[in-house]
Amino acid sequence: MTLFLQIMLIVTSVTLVLLVLLHKAKGGGLTSLFGGGMQSNLAGSSVAEKNLDRMTVFVIALWVICIVGVGLLIKLG
């Protein structure tokens, strides 16, 4: 069980990083510094952005469950 939760934690962590990087930039920052500002304005629709938000929230929930599970197994074991 511990091995499964640790593998799920790694998978959800990597997935979460990728999902966050896929989001459209809202306030300039590094994206607009390197010329990605015009690209982010042209790319994606609101439906795709909403689905990306839902997927991100779902992966965050899985990540939190894995963190709590690993913590409980470490504390009990």
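**Packing of the helices in the predicted model**

At a relative accessibility of 17%, Glu 49 counts as buried (buried is under 20% relative accessible area, exposed over 50% and partly exposed in between, with a 1.4 Å probe and protein chains only). The model is predicted: local features need pLDDT of at least 70 and side-chain atom pairs count only at pLDDT 80 or more, whereas totals for chains, interfaces and linings use all residues. Residues are numbered from 1 along each chain as its sequence is written, and side-chain values use heavy atoms, with hydrogens and water left out. Glu 49 is placed in helix 4, which covers residues 46–76 (helices are DSSP runs of H or I of at least four residues, strands are runs of E of at least two, and both are numbered from the N terminus). With residues up to four places away in sequence not counted, Glu 49 touches His 23 and Lys 24 (contact means heavy atoms within 4.5 Å).

The protein contains four helices and zero strands, and its elements follow the order α-α-α-α from the N terminus on. Of the 77 residues in the protein, 18% are buried. The protein exposes about 6000 Å², and carbon and sulfur atoms supply 75% of this area (accessible areas come from the Shrake-Rupley method with a 1.4 Å probe; for residues, only the protein chains shown count as cover). Among contacts in the protein with a separation of 6 or more, 91% are accounted for by residues 24 or more positions apart.

Helix 1 spans residues 2–22 and has 21 residues; the distance from its first C-alpha to its last is 30 Å, close to the 30 Å expected at 1.5 Å a residue (the expected span is 1.5 Å times one less than the number of residues). Its buried residues are Leu 5, Leu 9, Thr 12, Leu 16 and Leu 19. These residues lie on the same side of helix 1, because they cover an arc of only 105° around the axis (the arc is that of the directions from the helix axis to the C-beta atoms). In an α-helix there are 3.6 residues a turn, so residues three or four places apart point the same way. The other side of helix 1 carries Leu 3, Ile 10, Val 17, Leu 21 and Leu 22, which are exposed. Helix 4 is included in what covers the buried residues of helix 1.

Helix 4 has 31 residues, which should span 45 Å at 1.5 Å a residue; its end C-alpha atoms are 45 Å apart, so the two values agree. The buried residues of helix 4 are Glu 49, Leu 52, Thr 56, Val 59, Cys 66, Gly 69 and Val 70, and they pack against helix 1.

Several residues illustrate this packing. Thr 56, in helix 4, has a relative accessible area of 8% and is therefore buried. Apart from residues up to four places away in sequence, Thr 56 touches Leu 16, Leu 19 and His 23. The C-alpha atoms of Thr 56 and Thr 15 are 8.7 Å apart in space, although the two residues are 41 residues apart in sequence. Cys 66 also lies in helix 4 and, with a relative accessibility of 5%, counts as buried. Between Cys 66 and Leu 9, which are 57 residues apart along the chain, the C-alpha separation is 5.7 Å.

Ile 67 of helix 4 counts as partly exposed at 38% relative accessibility; its C-alpha is 9.6 Å from that of Met 8, at 59 residues apart in sequence. Gln 6 is placed in helix 1 and is partly exposed, with a relative accessible area of 38%. The C-alpha atoms of Gln 6 and Val 70 are 7.1 Å apart, and these residues are 64 residues apart in sequence.

A nonpolar surface patch of about 470 Å² is formed by Ile 60, Val 64, Val 68, Leu 72 and Leu 76 (patch residues have over 30% relative accessible area and no salt bridge, with like charges joined within 9 Å and nonpolar side chains, Val, Leu, Ile, Met, Phe, Trp and Tyr, within 5 Å; a salt bridge is a side-chain nitrogen of Lys or Arg within 4 Å of a carboxyl oxygen of Asp or Glu). One of these residues, Leu 76, lies in helix 4 and is exposed, with a relative accessible area of 74%.
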